[in-house]
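Work through the following exercises with the sequence and the three-dimensional view side by side. Try each task yourself before you read the solution below it.

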Amino acid sequence: MGMTLFTIDPWDGWDHMGGAGWGWLWGGFMMLFWLALIALVVWLVVRAAMERRQSSPMERSGFDRARDVLAERYARGEISTEEYQDRLSHLGGSS
């Protein structure tokens with residue numbers, strides 16, 4: 001007479017990662033979720049920084065911005081020294 005040993009599988013055919021081999025799928029979804037969340041946070045921080053940078057020049061007066069544009073054109077050689085000084089005097093500054 002033989003004795004039969006029965007083994008009991010605690011998982012009953014299911015693995016420990018969600019069952020029937022689908023754990024890789026849920027792991028992939030979780031990884032995509034975290035990547036999307038990190039990308040969203042980075043995008044929001046960059047967007048906020050760009051809005052702050054764009055709003056700061058607008059706080060200055062029109063005369064300051066006009067002088068800056070005039071100085072840039074002079075520095076690039078688009079206008080001569082005489083034309084720069086003439087336009088600057090019309091703006092009300094003598095720098």
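**Surface and overall make-up**

The chain has an accessible surface of about 8600 Å², and 65% of this belongs to carbon and sulfur atoms; such areas come from the Shrake-Rupley method with a 1.4 Å probe, and for residues only the protein chains shown count as cover. The model is a predicted one, in which local features need pLDDT of at least 70 and side-chain atom pairs count only at pLDDT 80 or more, while totals for chains, interfaces and linings use all residues. Residues are numbered from 1 along each chain as its sequence is written, and side-chain values use heavy atoms, with hydrogens and water left out.

**Exercise 1. Confidence and elements**

Task: State the mean pLDDT of the chain, and find which element has the lowest mean pLDDT and which the highest.

Solution. Begin with the term itself: pLDDT is the predictor's confidence in each residue, from 0 to 100. For the chain the mean pLDDT is 78, and 67% of the residues reach 70 or more. Where pLDDT is low, the predicted coordinates should not be read in detail. Next, list the elements, where helices (H or I, at least four residues) and strands (E, at least two) are DSSP runs numbered from the N terminus. There are 3 helices and 0 strands, and the order from the N terminus on is α-α-α. Among these elements, the lowest mean pLDDT, 86, belongs to α1, and the highest, 89, to α3.

**Exercise 2. The span of a helix**

Task: Check whether the end-to-end distance of α2 agrees with its number of residues.

Solution. The expected span is 1.5 Å times one less than the number of residues. For the 15 residues of α2 this gives 21 Å, and the end C-alpha atoms are 21 Å apart, which agrees. Just after α2 comes Gly77, which takes a positive phi of about 85°.

**Exercise 3. Salt bridges along the helices**

Task: Describe the salt bridge that Arg47 forms with Glu51, then that of Asp64 with Arg67 and that of Arg87 with Glu83, and say how exposed the partners are.

Solution. A salt bridge is a side-chain nitrogen of Lys or Arg within 4 Å of a carboxyl oxygen of Asp or Glu, and the structure holds 5 of them.

- Step one: Arg47 and Glu51 meet at 3.4 Å, N to O. They stand 4 residues apart in helix α1 (residues 23-58), and so are separated by about one helical turn. Arg47 is partly exposed at 41%, and Glu51 is partly exposed at 44%.
- Step two: Asp64 and Arg67 meet at 3.2 Å, N to O. Both belong to helix α2 (residues 62-76), where they are 3 residues apart, about one turn. Asp64 is partly exposed at 32%, and Arg67 is partly exposed at 27%.
- Step three: Arg87 and Glu83 meet at 2.6 Å, N to O. Both lie in helix α3 (residues 81-91), 4 residues apart, about one turn of the helix. Arg87 is partly exposed at 34%, and Glu83 is partly exposed at 29%.

**Exercise 4. Aromatic pairs**

Task: Classify the ring pair of Trp26 and Phe29 and the ring pair of Phe33 and Trp34.

Solution. Rings of Phe, Tyr and Trp (its six-membered ring) pair if their centres lie within 6.5 Å, and planes under 30 degrees apart count as stacked, over 60 as edge-to-face and the rest as tilted. The structure holds 3 aromatic pairs. In one of them, Trp26 and Phe29 have ring centres 5.7 Å apart and planes at 50°, so the pair is tilted. These two residues are 3 residues apart in helix α1, about one helical turn; Trp26 is exposed at 55%, whereas Phe29 is partly exposed at 44%. The ring centres of Phe33 and Trp34 lie 5.2 Å apart with planes at 70°, so this pair is edge-to-face. Phe33 is partly exposed at 45%, and Trp34 is partly exposed at 45%.

Notes. Buried < 20%, exposed > 50% of the residue type's maximum accessible area, 1.4 Å probe, protein only.
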